[in-house]
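Here's a quick briefing on how this fold is put together. Have a look at the structure first, then go through the points below.

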Amino acid sequence: MRQGSRTLGSQSKMKLYDMDKAPNPRRVRMFLAEKGIAVERVEIDIMAGGNLQPDFLAINPRGTLPVLVLDDGTVLDESIAICRYLEAVQPEPNLFGRTPLEIARIESAQRHMELDGMYAIAMIHRNVAPHFVTRSAPGSAGIGTTQIPELAVRGEQLTRRFFADLETTLARQEYVAGDRFSVADITGYICTAFARWVKLAPGDDMPNIARWRTAIAARPSSKA
Ligand SMILES: N[C@@H](CCC(=O)N[C@@H](CS)C(=O)NCC(=O)O)C(=O)O
């Protein structure tokens, strides 16, 4: 472990507001599992409207999951911000890069997985799923964002391109950001599971994605 780093003690009272089936909270659970950090989980059921209840909105007015509440009550409300915090307090195993170049490569790959993958898939799901008929934009509780069918069409175009690009990347290297597992693989792996919700999961015509998925599925964190 690097000098000056701290680890999270078992006395930590951090709480993760989570939903078992939701993709973004799962990113944080996988990250925690890779780090070997245990936190108390509070299950919030989005489908039952638990994220729109006053007690949860008092914690996160955007009404989104995941949320990590620190020992002193500080609220962190974005998956990658939560992961960065955890990496800073417990640097090993390293998941965000070590050298300036590796940090940049992982950041770039992570953004591609999130912006080109997660958001494109969410764009489809949120614009077709009956549950989100008046809340098609994540975090739009309170203002109302109606579904726009054309956005689902755009989401499908972007998702198809995302998987084609991912296949090309994984044909030339083992992991999304290079030759080792990183936070970008967590986001990418969860994209492949999330894409099943909209029936666009990559198939046998993408053998490099299949090989990489199998490798990640073998990691204990994939069960988180
Ligand atoms: N960029 C956010 C996205 C969070 C997000 O969209 N979470 C979804 C669950 S996967 C959510 O809370 N949806 C509930 C809603 O928008 O009503 C993050 O990564 O934390």
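Helices (H or I, at least four residues) and strands (E, at least two) are DSSP runs, numbered from the N terminus. This is a predicted model, where local features need pLDDT of at least 70 and side-chain atom pairs count only at pLDDT 80 or more, while totals for chains, interfaces and linings use all residues. Residues are numbered from 1 along each chain as its sequence is written, and side-chain values use heavy atoms, leaving out hydrogens and water.

**Sheet and the helices across it**
- Four strands make an open, mixed sheet in the order β2-β1-β3-β4; strands pair if DSSP finds at least two bridges between them.
- β2 (40–43) and β4 (75–76) sit at the edges, each pairing on one side only.
- β3 (residues 67–69) and β4 run antiparallel, joined by two bridges, and V69 has V75 as its bridge partner in β4.
- α3 lies across β3 and β4, at about 40° to β3; axes are lines fitted to C-alpha atoms, for helices over the stretch in contact (heavy atoms within 4.5 Å), and angles run from 0 to 180 degrees between N-to-C directions.

**Core**
- The largest nonpolar core has 47 residues: buried (under 20% relative accessible area, 1.4 Å probe, protein chains only) Ala, Val, Leu, Ile, Met, Phe, Trp, Tyr and Cys residues joined through side-chain atoms within 4.5 Å.
- α6 gives this core its largest share, eight residues.

**Helix α7**
- I209, W212, R213 and I216 are buried in α7 (residues 207–217).
- They pack against α1 (23–35), α5 (149–172) and α6 (183–197).

Conventions. Buried < 20%, exposed > 50% of the residue type's maximum accessible area, 1.4 Å probe, protein only.
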